[in-house]
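User: I am new to this structure. Please take me through how its parts pack together.

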Amino acid sequence: MISDEHRREAAASLRGSRGFFNSLPRTVLEPFIFDIFERVLECVGYTEGNVFDYLADLVDRGECENVYDGSVQDSCDNGFLCSVCGCKVEDEEHYRLSGVWNYCPQCGRKVRHG
């Protein structure tokens, strides 16, 4: 799972590489394509796996579902339990949580509704 901190670091590293790209000759970039691609992978912290999946995960956090069933410890019926990372939010003091869960507070995935 890619954290928000890692996303921010990758974005800062990419922005910091403007000078590298700008220093390349403008005539023909083709001989430098491998160097450019290697620099991008270094900036985003890529180490293994499918590079396209990694870059997609860096951009899009994906989706999850709220699988909270309300029967856990006789708590309220509108808590949150992420189907992907297991993050659980419950009203332990019985104040009754309200609202709709749009994003998981831990992994940041968008919560699918209905």
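User: At what angle do α1 and α3 pack, and how far apart are their axes?

Analyst: The model is a predicted one. In it, the contact is formed by His6, Ala10, Ser13 and Leu14 on the α1 side and by Val40, Cys43 and Val44 on the α3 side. These residues divide into five nonpolar, two polar and no charged. The helices pack at an angle of about 145°, and their axes are 7 Å apart.

User: Is Cys43 buried or exposed?

Analyst: Cys43 lies in helix α3. Leaving aside neighbours within four places in sequence, Cys43 is in contact with Ala10, Ser13, Leu14 and Ser17. Its relative accessibility is 8%, and the cut-off for this class is under 20%. Cys43 therefore counts as buried.

User: How are α1 and α4 oriented to each other?

Analyst: Helix α1 covers residues 4-16 and helix α4 covers residues 51-59; their axes are 10 Å apart. They pack at an angle of about 105°. Angles of 65 to 115 degrees count as roughly perpendicular. The two helices are therefore roughly perpendicular to each other.

User: Which residues make the contact of α1 with α4, and how do they divide by type?

Analyst: From α1 the contact takes His6, Arg7 and Ala10, and from α4 it takes Tyr54, Asp57 and Leu58. By type, they divide into three nonpolar, one polar and two charged.

User: Why do the buried residues of α4 lie on the same side of the helix?

Analyst: The buried residues of α4 are Val51, Tyr54 and Leu58. In general, an α-helix has 3.6 residues a turn, so residues three or four places apart point the same way. On the other side of α4, Phe52 and Val59 are exposed.

User: Which residues make up the largest nonpolar core?

Analyst: In soluble globular proteins, nonpolar side chains tend to be buried together. A second, separate core here has five residues, including Ile2, Ala10, Tyr54 and Leu58. The largest core has seven residues in all: Cys64, Phe80, Cys82, Cys87, Cys104, Cys107 and Val111.

User: Which residues does Val111 touch?

Analyst: Val111 belongs to the largest nonpolar core. Not counting residues up to four places away in sequence, Val111 touches Cys64, Glu65, Asn66, Phe80, Trp101, Asn102, Tyr103 and Cys104.

User: What separates the C-alpha atoms of Val67 and Ser83?

Analyst: Val67 is found in the loop between β1 and β2, and at 41% relative accessibility Val67 counts as partly exposed. Not counting residues up to four places away in sequence, Val67 touches Leu81, Cys82 and Ser83. Val67 and Ser83 are 16 residues apart along the chain, and their C-alpha atoms are separated by 5.9 Å.

User: How far apart in space are His113 and Cys64?

Analyst: His113 is in the segment after β4 and is partly exposed, with a relative accessible area of 48%. Its contacts, not counting residues up to four places away in sequence, are Val100, Trp101 and Asn102. His113 and Cys64 are 49 residues apart in sequence, and C-alpha to C-alpha they are 9.4 Å apart in space.

User: How far apart in space are Cys43 and Cys87?

Analyst: Cys43 is in helix α3, while Cys87 is part of the largest nonpolar core. They are 44 residues apart in sequence, and the C-alpha to C-alpha distance is 29 Å.

Methods: Residues numbered from 1 in each chain as written. Predicted model: local features only at pLDDT ≥ 70, side-chain atom pairs only at ≥ 80, totals over all residues. Heavy atoms only, no water. Axes fitted to C-alpha atoms, helices over the stretch in contact; angles between N-to-C directions. Helix = DSSP H or I, 4+ residues; strand = E, 2+ residues; numbered from the N terminus. Parallel < 35°, antiparallel > 145°, perpendicular 65-115°, else oblique. Contact = heavy atoms within 4.5 Å. Nonpolar A, V, L, I, M, F, W, Y, C, P; charged D, E, K, R; others polar. Core = buried A, V, L, I, M, F, W, Y, C linked by side-chain atoms within 4.5 Å. Buried < 20%, exposed > 50% of the residue type's maximum accessible area, 1.4 Å probe, protein only.
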